[in-house]
Amino acid sequence: YMGRYEVTQAQWQAQMGSNPSQFRFASATVPAEQVPSRPVERVSWNHIQGFLGATGMRLPSEAEWEYAYRAGSATAFHSMPGYPDGTNDDQVVNDIAWWGSCPNCGGNSGHQTYPVGRKAGNGFGLHDMAGNIYEWVNDWTGPYPQGPVVDPTGPDTGTTRILRGGSFANTRTELRSSKRYWSPPNFPSNTYGFRVARNP
C-alpha cells in the first residue's frame, strides 16, 4: 500500500511536534490556510525514521516506488488527462507536476512547493509522483540487478540513499519515471520529502 499523497507539513507536525520545512509560510500562490497541506521538506532519510517509527509506516523500496509511479504504464510519464496510457512527451507534464525554475526552462512552480493533490493522479490514484518534491525511498544506491528480478530491495549497504520523482526545481526530463537521484542519508534539502508505504 502506498500513500496517495506526499507526507504533508500538518502530518509531520502532528507526529513530530515541529516543522522543518522551508516553505512553511504563505506565498502569492499558496494562501496561509493551504500551507499545512504542502509536503514536508528539509527532512533527511535519517530524520524520517522517527516519523515512520511513530506511525508504523515505512518507506517504499525503489522498485515499489517506480511500480507505483508507472501505474501500469511503460512510458516516461504516467497517465494524465488525454493520455490514459501515459506519454513520452515531456511538453505535457504540467498536468501532473510542479516543476522547473531554472533560467529559460519554463516551468510552473515559481521555485516553491504546492499543496499535495492539486495535479492529476496516475492510474493508481497517486498524486505528485512527479515534481513538487523528491521522495526518499528505502534503498541504498547501487546498480540495477543483472537479469530479471521480482521485488528487488537494493544493496545491503552503501553511502547514499535513493530519491525519486524530481522536484519543483527540476526540468521536465528530470521527472521521468526511470530517473534516479541519490544523497547521503543525513542530508536534508528543501527539495527532499517522502511518501509512506505499508504492508497490507
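Which residues have the most contacts inside the largest nonpolar core? I started my notebook with that one, keeping in mind that this is a predicted model.

**Entry 1: the cores**

I looked up the largest nonpolar core and found that it has 17 residues. Tyr69, Phe77, Ile96, Met129, Ala130 and Leu175 are the ones with the most contacts inside it. I then checked which element gives the most to this core, and it is helix 3, with three residues. Another core lies apart from this one and has 16 residues, including Val43, Trp45, Tyr192 and Val196.

Skipping its neighbours within four places in sequence, I listed what Phe77 is in contact with, and Tyr69, Ile96 and Leu175 are among them. The list for Phe77 also includes Gly86, Thr87, Asn88, Asp89, Asp90 and Val93, plus Arg172 and Arg176.

**Entry 2: the strands**

Next I went to strand 2, residues 161-164. Which way do its side chains point? I found Arg161 and Leu163 pointing one way, with Ile162 and Arg164 pointing the other way.

Then I looked for the partners of strand 2. Strand 1 (residues 134-140) runs antiparallel to strand 2, and three bridges join them. In that pairing I noted Trp140 opposite Arg161. Strand 3 also pairs with strand 2 in the antiparallel sense, over four bridges. There, Ile162 has Trp182 as its bridge partner.

**Entry 3: Ser61**

I moved on to a serine in a loop. Ser61 sits between helix 2 (45-55) and helix 3 (62-70). Is Ser61 buried or exposed? Its relative accessibility is 10%, so Ser61 counts as buried, the cut-off being under 20%.

What is Ser61 in contact with, leaving aside neighbours within four places in sequence? I wrote down Val137, Asn138, Asp139 and Pro152.

**Entry 4: Ser189**

My last stop was another loop serine. I found Ser189 in the loop between strand 3 (180-183) and strand 4 (192-193). Ser189 has a relative accessible area of 14%, so it is buried too.

Which side chain does the side chain of Ser189 make a polar contact with? I found Thr191, at 2.9 Å. Beyond its neighbours within four places in sequence, Ser189 is in contact with Glu41, Arg42 and Val43. I had already met Val43, one of the residues in the core of 16.

Definitions and conventions: Residues numbered from 1 in each chain as written. Predicted model: local features only at pLDDT ≥ 70, side-chain atom pairs only at ≥ 80, totals over all residues. Heavy atoms only, no water. Helix = DSSP H or I, 4+ residues; strand = E, 2+ residues; numbered from the N terminus. Buried < 20%, exposed > 50% of the residue type's maximum accessible area, 1.4 Å probe, protein only. Polar contact = N/O pair within 3.5 Å; in protein donor to acceptor, adjacent residues only side chain to side chain. Contact = heavy atoms within 4.5 Å. Core = buried A, V, L, I, M, F, W, Y, C linked by side-chain atoms within 4.5 Å. Pairing = 2+ DSSP bridges.
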